[in-house]
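Here's a quick briefing on one helix contact and a few aromatic pairs. Have a look at the model first.

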Amino acid sequence: MAQPDQKKFFENLSGAGKAIAVLTSGGDAQGMNAAVRAVVRVGIYVGAKVYFIHEGYQGLVDGGENIEEAKWESVSSMLQVGGTVIGSARCKEFRTHEGRRAAALNLVLRGITNLCVIGGDGSLTGANLFREEWSGLLDELVQQGKIDKESAEKYSHLNIVGMVGSIDNDFCGTDMTIGTDSALHRIIEVVDAIVTTAQSHQRTFVLEVMGRHCGYLALVSALACGADWMFIPEMPPADGWEEQMCTKLSENRARKKRLNIIIISEGAIDTSNKPITSEHIKDLVVKCLGFDTRVTILGHVQRGGTPSAFDRILASRMGVEAVLALLEASADTPACVVSLCGNQAVRLPLMECVQMTQEVQKAMDERKFEEAVRLRGRSFENNLNTYKLLAHRKPQSELPISSFNVAVLNVGAPAAGMNAAVRSAVRVGITEGHKIFAVNDGFEGFAKGQIKEIKWGDVGGWTGQGGSLLGTKRTLPAKHLEKIAEQMKANQINALLVIGGFEAYLGLVELLAARGKYDEFCVPIVMVPATVSNNVPGSDFSIGADTALNAITDTCDRIKQSASGTKRRVFIIETMGGYCGYLASVGGLAAGADAAYIFEEPFDIRDLQANVEHLTAKMKTSIQRGLVLRNENSNENYTTDFIYQLYSEEGKGVFDCRKNVLGHMQQGGAPSPFDRNFGTKIAAKAMLWISRKLKETYRKDEGKVFANTDDTACLLGMRRRALVFQPVVELKNETDFVHRIPKEQWWLKLRPLMKILAKYKTSLDVSESGQLEHVVRHRRPIESEGVPA
């Protein structure tokens with residue numbers, strides 16, 4: 001990271017005299033509008049002229065009204081709209097030299113030399129070719145007398161920055177493309193709906209999802225719904241798969257499972273390169289098993305609908321980074337693409353990413369499927385490895401022999417995705433040969449002996465369930481140490497997996513402190529963070545926070561829509577989170593809020609007054625509504641009621657106010673695809689760590705596990721680009737125990753983005769931006785896995 005004296009600030013970068021054009025090309029994807037909005041507003045913010053190019057490359061070639069200067073208000077209300085408002089089209093003319101020459105003329109006439117392209121690899125490859133030909137195209141235009149030499153010299157080079165908009169997540173170099181998370185939301189909504197009808201009739205459902213060349217959607221949705229079988233292009237099933245699949249479905253039905261779900265990617269193939277179709281699967285199941293089987297082809301449903309909170313935040317972050325890259329570009333800067341690596345926005349050379357994406361297809365054509373999976377990147381590979389771990393139950397004879405017992409418990413408030421984590425932990429633990437014990441009602445239930453063995457089939461169908469099926473309590477172990485130790489001894493518990501929020505973290509601190517007194521706690525203990533508040537030290541993300549963010553975003557969308565008829569109305573919305581302002585801040589960015597009040601960023605009456613004045617000025621524009629979020633514990637005196645009354649009084653005659661406390665709806669509901677997937681992967685990783693630590697700490701001579709070093713009580717968290725195990729002892733220095741938050745929180749860096757996009761002048765540290773990285777080709781070590789999608 002840059003030293004303080006080397007810090008770069010966004011406000012020092014000027015776009016004066018520059019013109020930026022933004023276009024969306026190829027297939028549409030939810031979140032594209034959020035990216036367009038960010039490019040337009042940040043471009044205007046730094047003093048550049050920004051242009052929409054309507055209808056993609058077709059609009060670039062045709063020119064005229066298709067190239068329109070954008071105003072701040074032009075992108076209002078775009079954030080929550082799916083698809084692309086500025087239009088997208090396939091364009092044959094742009095593939096010709098003449099077409100690109102016409103496009104160059106249209107840009108030069110408007111002084112545009114910075115192009116932001118949001119699309120797939122074809123669109124980005126076209127943009128790169130356009131850039132490479134640029135000076136030649138200008139020379140031709142001079143020769144034809146369409147532009148003068150001065151113009152050719154003034155606009156002598158074209159800067160290109162790409163953002164990948166594709167629901168398939170088929171572009172190498174980024175963990176997630178814009179639109180993928182929203183497409184997963186559509187798929188999971190359908191799966192959840194189908195589950196209820198299928199269970200009523202004991203049906204088998206074959207679901208076909210998009211992904212002609214990439215199986216990401218099928219893979220992640222299979223993980224997120226616990227599908228019985230999955231077909232993707234990157235992993236053709238081995239010969240004899242028909243019999244294997246029917247045996248598996250038959251065994252599941254014999255275990256009283258009332259439904260079977262098979263997920264198939266539209267590009268699925270067998271080892272002979274022959275397509276596997278959904279109808280073929282259906283006919284096979286009916287013929288071999290006689291099961292009542294239905295096919296559902298999701299089609300363009302996956303492209304439609306409102307973008308998820310994740311996609312809005314991803315696209316907004318990428319849009320800001322794209323403008324930054326354009327402002328810093330020179331004639332020597334290669335065209336770059338803005339990507340997501342773990343939890344960081346990075347810039348990568350566009351053609352490196354395109355070449356690697358093409359290498360995937362080449363590997364598939366040559367039937368090198370393992371190579372194709374590796375080239376797809378760590379996110380894809382980790383998903384596939386987790387699916388293989390969880391999908392197929394091995395016969396007892398094939399399981400390793402282990403005499404270890406592992407207990408799993410939920411601690412703290414319920415969070416959507418906890419059940420997916422428990423299911424994953426139980427099944428991976430059983431695959432590792434351990435006996436898994438489920439503890440009901442957290443540490444309190446542990447002390448009371450509410451503990452019993454849990455089997456593979458007991459956790460079937462848990463991924464889509466909200467809340468905590470094990471039951472959870474906020475009780476800390478300190479009061480019950482002796483009884484918990486007795487239960488651990490009685491049940492011969494050799495390791496603990498604790499899934500929960502800040503209480504779980506405090507619980508681990510207390511168990512660690514008690515190791516000197518009770519040998520029973522000298523066992524491997526690992527915690528997986530799960531809380532809507534996202535306030536656990538040592539992790540950028542917690543299971544449940546994404547679902548809560550989507551609940552906040554959906555509610556804000558509805559509230560904003562309700563104001564569209566009344567005009568001049570400001571909504572004050574209170575979010576959960578305790579003292580942690582994550583939900584208010586990131587929810588504010590996803591919902592397009594004007595302000596978000598949080599504990600971590602102290603505010604006073606002058607700030608409130610400035611916000612009222614800002615909203616008063618806004619009401620004189622065509623955007624006549626305001627949205628203000630307030631974290632529940634942001635300030636004990638400036639309560640939601642106080643802010644509502646202040647705004648009502650100060651806004652008299654200009655705007656009226658409404659308030660809304662979102663409350664526990666943020667904790668409820670079915671978990672989002674992100675939370676199901678994150679819970680599944682992180683818990684599987686935690687259980688594999690437990691297996692390793694059990695082997696390391698087992699004392700053969702005493703016939704028992706004894707673990708009392710700091711590295712045997714860890715928290716598994718996402719840190720920037722990696723999932724890492726961190727000793728709980730080391731995290732104590734990073735914790736504000738009074739306010740139950742980490743001392744440093746990464747998302748505070750996103751707050752200026754919300755303010756800039758709401759037209760506030762603010763300071764944004766961009767020291768970590770600007771480094772063009774390279775696409776990583778080698779296999780990463782197992783510890784450094786990226787953020788799951």
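On the α6 side, T180, A183, L184, I187, I188 and V191 meet Y216, L217, V220, S221, A224 and C225 of α7, where contact means heavy atoms within 4.5 Å. That contact divides into 10 nonpolar, 2 polar and no charged residues. This is a predicted model, where local features need pLDDT of at least 70, side-chain atom pairs count only at pLDDT 80 or more, and totals for chains, interfaces and linings use all residues. Residues are numbered from 1 along each chain as its sequence is written, and side-chain values use heavy atoms, with hydrogens and water left out.

**Helix geometry**
- The axes of α6 (residues 180–201) and α7 (residues 216–225) come within 10 Å and cross at roughly 50 degrees.

**Aromatic pairs**
- There are 21 aromatic pairs in the structure (ring centres within 6.5 Å; planes under 30 degrees apart are stacked, over 60 edge-to-face, the rest tilted).
- Y216 and F380 have ring centres 6.4 Å apart and planes at 40 degrees, so they're a tilted pair.
- This pair links distant parts of the chain, with Y216 in α7 and F380 in α13 (residues 378–391), 164 residues apart.
- Both Y216 and F380 are buried (under 20% relative accessible area, with a 1.4 Å probe and protein chains only).
- F603 and Y638 are tilted too, because their ring centres lie 5.8 Å apart with planes at 35 degrees.
- F603 is buried at 9% relative accessible area, and Y638 counts as buried at 17%.

**Aromatic cluster**
- F310, F541, Y582, F674, F678, W746 and W747 form one aromatic cluster.

Notes
Axes are lines fitted to C-alpha atoms, for helices over the stretch in contact, and angles run from 0 to 180 degrees between N-to-C directions. Helices (H or I, at least four residues) and strands (E, at least two) are DSSP runs, numbered from the N terminus. Ala, Val, Leu, Ile, Met, Phe, Trp, Tyr, Cys and Pro count as nonpolar, Asp, Glu, Lys and Arg as charged, and the others, Gly among them, as polar. Rings of Phe, Tyr and Trp (its six-membered ring) pair if their centres lie within 6.5 Å; planes under 30 degrees apart count as stacked, over 60 as edge-to-face and the rest as tilted. Buried means under 20% relative accessible area, exposed over 50%, partly exposed in between (1.4 Å probe, protein chains only).
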